[in-house]
Amino acid sequence: KDFAWTYASYDIIAKRSMAYSYVYPAIELLLGAAFLLNYNPVLVNSITLVLMSVGSVGVAQNILAKNQVQCACLGTLIKVPLSKISLMEDLLMAAMALATLIIIL
């Protein structure tokens with residue numbers, strides 16, 4: 001519950017749907033498993049590209065607005081501020097997914 005509320009404080013989709021906040025960790029877990037199993041790389045990389053691109057928008061908005069928001073990346077037990085590193089992480093994952101799509105297509 002705490003993750004969902006923290007994540008919804010900065011993600012643009014989660015702000016509109018708490019259900020997405022609750023499901024998001026499972027989505028990332030499933031994507032990770034799909035990458036490990038090399039399951040449908042086009043689909044998995046496409047979903048990753050969209051999720052990370054959209055996720056980076058909310059992170060960037062909060063960084064530019066200088067909002068002091070806690071990052072949900074390590075849960076809520078460990079207090080980590082949302083930062084440029086969070087943005088870089090999202091953008092790099094999106095870039096890796098895009099690069100993989102370019103290579104396999």
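Which helix holds both Phe3 and Tyr7, and how many residues apart are they? Some notes on that and on the rest of the chain, keeping in mind that this is a predicted model.

1. To take the opening question: Phe3 and Tyr7 both sit in helix 1 (residues 2-8), 4 residues apart, which is about one turn of the helix.

2. Now the rings. Searching the whole structure turns up 5 aromatic pairs. One of them is Phe3 with Tyr7: the ring centres are 5.4 Å apart and the planes make an angle of 15°, so this pair is stacked.

3. Tyr7 belongs to helix 1 and Tyr20 to helix 2, so the pair ties together parts that are 13 residues apart in sequence. Tyr20 is buried too, with a relative accessible area of 14%.

4. If you want to see the ring pairs as a group, select Phe3, Tyr7, Tyr10, Tyr20 and Tyr24: ring pairs link these residues into a cluster.

5. Next, the helix packing. For two packed helices, the description is the angle between their axes plus the distance between the axes. Helix 2 (residues 18-36) and helix 3 (residues 41-64) have axes that come within 11 Å and cross at roughly 140°. The crossing of helix 2 past helix 3 is left-handed.

6. Who makes that contact? On the helix 2 side you have Tyr20, Tyr24, Ile27, Glu28, Leu31, Ala34 and Phe35, and on the helix 3 side Val44, Asn45, Ile47, Thr48, Leu51 and Met52. By residue class, the contact of helix 2 with helix 3 splits into 10 nonpolar, 2 polar and 1 charged. Note that Tyr20 and Tyr24 turn up in this contact and also in the ring cluster.

7. Zooming out, the chain has 4 helices and 0 strands, running α-α-α-α from the N terminus. Its C-alpha trace spans about 40 × 25 × 25 Å along the principal axes. A compact globule of 105 residues would have a radius of gyration near 13 Å, and the 14 Å of this chain agrees with that.

8. Two last numbers for the whole chain. Of its 105 residues, 30% count as buried. Looking at contacts between residues at least 6 apart in sequence, 54% join residues at least 24 apart.

Note on methods
Residues numbered from 1 in each chain as written. Predicted model: local features only at pLDDT ≥ 70, side-chain atom pairs only at ≥ 80, totals over all residues. Heavy atoms only, no water. Axes fitted to C-alpha atoms, helices over the stretch in contact; angles between N-to-C directions. Helix = DSSP H or I, 4+ residues; strand = E, 2+ residues; numbered from the N terminus. Left-handed = near helix turned anticlockwise from the far one by under 90°. Contact = heavy atoms within 4.5 Å. Nonpolar A, V, L, I, M, F, W, Y, C, P; charged D, E, K, R; others polar. Phe/Tyr/Trp six-rings, centres within 6.5 Å; stacked < 30°, edge-to-face > 60°. Buried < 20%, exposed > 50% of the residue type's maximum accessible area, 1.4 Å probe, protein only. Rg over C-alpha atoms; globule rule 2.2 N^0.38 Å.
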